[in-house]
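Subject: Handing over a structure

Dear colleague,

I am passing on the structure below, and after it I describe what was found. Please have it open while you read.

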Amino acid sequence: MRINSGGGDVFAAVAIYTRLKEHKADIAVKIDGWCASAATIIAMAGDTIEISAGGVFMVHNPLACLIGYYNAEELGKVVKELGTVKQSIVNCYMTVTDKQEDEIKKLMSDETWFTAQEAVEAGFCTGVMFTDVEMEVEDTETVIVNSVSISLESFNTVPRKLLGCKTAGSNTGNGTGSSIKNKEVKETMTLEEFKKKYPSVADAFKNEILAGQGSAAGQEGGTADHTEAVNAERARIKGIDDCTLPGFEDLANKAKYENPVPAAEFAMQVIAEQRKQGSEFLNGRSQDINGSGVQDIPPVSNQGGSGDSEDPFGDLIDQMYPGIK
């Protein structure tokens with residue numbers, strides 16, 4: 001039986017394993033490329049389990065796909081079912097390897113990847129073949145082994161050495177007879193595109209950042225709860241919004257995101273900016289007055305309509321109303 005599979009349905013794999021185990025023939029399993037996840041259950045049915053020198057063997061915990069809304073009791077049942085499924089897989093492994101049950105469970109929880117020799121040393125395989133394996137890294141999510149495309153999206157960790165690469169971007173083989181063609185993939189995307197394509201990675205980064213903030217805030221009492229860190233940040237931003245006056249929006253954005261400061265410090269920045277703007281206004285007005293030349297005009301009295309100066313308006317009134325005087 002030749003295996004080159006990234007896995008699949010656990011129950012289907014157990015059914016295949018059972019049919020092979022009850023067969024009277026000697027079962028010779030040969031892992032040509034990959035044997036991962038549920039495919040490893042089928043491999044355990046072999047009387048001999050050989051793996052190519054360039055092969056890969058991976059064990060991990062069973063997964064459940066949930067779509068919909070569930071309460072705590074329902075989710076608890078799913079957890080219990082996964083525990084039962086995991087135990088059934090462990091039982092299959094223990095028919096081949098000499099490892100203890102707890103050790104196997106830990107290997108599964110860690111999602112452990114084995115090279116061919118490591119799989120033999122761990123007892124999951126009985127020997128290493130020397131068949132040439134063509135392996136091509138198509139992109140960051142897909143690997144082609146012996147013309148079979150295998151998706152990496154469902155795996156948490158894929159060590160580069162298991163792809164036959166000494167270093168990332170290397171086009172050389174691993175010295176075991178494998179022929180490797182490794183294509184480096186470069187990708188540029190915005191933050192929103194990254195969060196949409198890799199939501200789990202984005203969440204991991206966010207949790208790590210929040211954990212760091214919590215640790216800095218409570219070194220004596222240990223790492224603060226993530227929720228407290230989030231609430232504190234929201235309160236800080238709301239405080240800045242409450243202090244923001246019309247015309248100071250750019251200053252507020254810098255205080256919230258570019259150079260984060262507490263709301264109280266931002267309020268002092270607003271006062272300082274207002275004082276600066278007031279000083280600039282007074283200085284500008286003084287310069288306008290000095291530049292206008294108004295101060296160079298000497299003051300002249302209108303003499304109050306008295307004295308020897310001519311008074312044409314008064315003479316005209318005297319002519320129109322001579323009897324008023």
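Leaving aside neighbours within four places in sequence, S37 is in contact (heavy atoms within 4.5 Å) with G6, G7, M58, H60 and Y93. Before going further, please note that this is a predicted model, in which local features need pLDDT of at least 70 and side-chain atom pairs count only at pLDDT 80 or more, while totals for chains, interfaces and linings use all residues. Residues are numbered from 1 along each chain as its sequence is written, and side-chain values use heavy atoms, with hydrogens and water left out.

To return to S37, this residue lies in the loop between strand 2 (28–36) and helix 2 (39–43), where helices (H or I, at least four residues) and strands (E, at least two) are DSSP runs numbered from the N terminus. With a relative accessible area of 16%, S37 is buried, a term that means under 20% relative accessible area, with exposed over 50% and partly exposed in between (1.4 Å probe, protein chains only). The side chain of S37 makes a polar contact with the side chain of H60 at 2.8 Å; such a contact is a pair of N or O atoms within 3.5 Å, and within protein one must be able to donate a hydrogen and the other to accept it, residues adjacent in sequence counting only if both atoms are side-chain atoms.

E111, which is not a glycine either, has a positive phi of about 50 degrees. E111 lies in the loop between helix 4 (101–109) and strand 5, and at 7% relative accessibility E111 counts as buried.

Turning to the rings, the structure holds five aromatic pairs, where rings of Phe, Tyr and Trp (its six-membered ring) pair if their centres lie within 6.5 Å, and planes under 30 degrees apart count as stacked, over 60 as edge-to-face and the rest as tilted. One of them is F57 with F124, whose ring centres are 5.3 Å apart and whose planes stand at 25 degrees, so the pair is stacked. Because F57 lies in strand 4 (residues 56–59) and F124 in the loop between helix 5 (116–121) and strand 6 (127–129), this pair ties together parts that are 67 residues apart in sequence. Both F57 and F124 are buried. Ring pairs link F57, Y93, F114 and F124 into a cluster.
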